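Try each task before you read its solution.

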Amino acid sequence: MSKDPNFDDFLLDVATSLELSDNDRRLVESRYRELKAHLERPSSPLKDYLVDSESRIYAQGSISIGATIVSGDDDRFDLDAMVEINVPAGWDNDRALDLLYDALQGFPNVREIERCTRCIQMRFATMHLDVTIMDPYTAPRNEREGEIFHSPDQGQGYRVAANPFGFAVWFRGNVEERGDSNGFLKNLSDRRIANAVDRLDIRAAEQDDLPPILPVRLDSLEVVALKLVKRYLNLRYENRKLKKPPSVYVSKLAITCGRSREGLAGQIRALASHIIGQMDLALSENTGPDERNPVFFLDRLNDRWPATQDDRRTLRQDMVDLLEAMERARKGTIQEIFATFGELFGETISRKAALRLRDREAGGSNTSPNRFLKETGTVVSAATATPAIAKVSRPVPEHRFHGGMIGGAKTKGD
Amino acid sequence: MLQVKYDLCIWMGTVTPVQAQYRICVIWDFIRQTPPYVTLIDPEIAPREEGNWEDIPHLWFTEEAPQNSGLCLFDPEGKEWDRTMLIADYTIPWACEWIKYYELWHLTGEWLGPSAKGPESVGAARRQAV
């Protein structure tokens, strides 16, 4: 049972304010379809390499593990796609990305296309889509194993072993195996329905009935905690010159930190503490961490981070600050909690979450929609009480607070 | 902590209605069997930033020492309370619920809990009367 049912409830409002709505997901899906059609069009320089019986273009990164969140305060999502082509032996390590860059020109509704070191980034009004190219290993290989290209503006390019698809399968398998946690999934699902914000224009999405490209949503304590920690890190690193730890690295730790028995806040504590442990070890040894893809040892999840002790110290301190702020908020009033959420997750998101709480509470009946835990004197909204809470609590007896003008109230006129 | 002084039964204890802890005091006149009088001791009640004491909703408002005002927990005309009701089963849950809505009021400026008809605060009543 959650140690802090109300605090977890407020965190859930923040988390569901950060994620893709179902409608947003449909638009994202249509972007992936457009990507496939665009790269396979007759004039595409990559078309001859993409013809295959199975799709060689697929979603990767946060969308494949259900951890996509909005970036900054501008309601933008960052998404990733992988394109597999059998790279001819004569190509140098820049050519595949160069051709992908050319092939993506003219993509519908794109505002800007940038060639990055390992991907091509397409910038749309409300999303960025990073497209990476992979040269798959020849068969027999584990599913989707191959090499991506590191192709900097200056200096020598090289290949990097990778299997993000396998990582996503590993991540999802772990989450699914652990199952639900005391009714958390139902609460999350209810809250998502209540809080869904369509940030993207669904009218632009395809409405046809094609097989899905995106994996189904993945929900669990671990994923929601990961979303919140990622959001916190995004804001922390926004104005820093230091490089942010890779999202996939933090994602792996979100699983290896284990499942907390103390609800969502407990899961965030578990992840933050796990990261602190990793940084302490790396700081003492002045090397690492060297986190590998659990299904493909050659795939180093954080191969370009950390570069210095400063990187390690900074992440460690961020996690210490997160733990301290969470602890402070956990003992605070609702107003203090949302003020702390503003510091941790951004003012706009915190305000949205507070509004949703307000709407939910205002939508109750004019009787007592709460349950009461006698041991602590805690009041939990009946609508969001998990079965475990319901079991140890009882309804607050019906009543109405009075207006304060009954006999005995002293007014200036008395 | 329970004390019996003269004809008053006084209980002081700590509750955690939402996340913050409050020390509250319940005073019950067991001779006259009037409704229990509940106040917040630590932290005391406080108005919203730049607000007035008299605008705190649902209080037995005490002008001279507003921080000692009691919580208005039920509608006397609605027959929601009678002297057979155990303080632990009715007054304390209602007081904790009051604190929850009081915290939400501090956040939003609105009282989101169940309210009897009429003005929510002495301040509102005074403005209505003008």
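This is a predicted model: local features need pLDDT of at least 70, side-chain atom pairs count only at pLDDT 80 or more; totals for chains, interfaces and linings use all residues.

Residues are numbered from 1 along each chain as its sequence is written, and chains are lettered from A in the order in which they are written.

**Exercise 1.** Find how chain A is divided into domains, and describe the side of domain 1 that touches domain 2.

*Solution.* 
- Start with the bounds, which come from an automatic or database domain assignment: domain 1 of chain A is 5–20 + 169–201 + 218–362, and domain 2 is 26–166.
- Next, the contact (C-beta atoms, placed from the backbone, within 7 Å) takes 29 residues from domain 1 of chain A and 23 residues from domain 2 of chain A.
- Now look at the elements (DSSP runs: helices, H or I, of at least four residues; strands, E, of at least two): H7(A) gives the largest share of the domain 1 side, 6 residues.

**Exercise 2.** Check the length of helix H2 (residues 22–39) of chain A.

*Solution.* 
- The expected span is 1.5 Å times one less than the number of residues.
- With 18 residues, H2(A) should span 26 Å, and its end C-alpha atoms are 26 Å apart, which agrees.

**Exercise 3.** Where is confidence lowest in chain B, and where is it highest?

*Solution.* 
- On the pLDDT scale (the predictor's confidence in each residue, from 0 to 100), the mean of chain B is 94.
- Strand E1 (residues 2–5) of chain B is lowest, at a mean of 78, and helix H1 (residues 87–108) of chain B is highest, at 98.

Key: Two residues are in contact if their C-beta atoms, placed from the backbone, lie within 7 Å.
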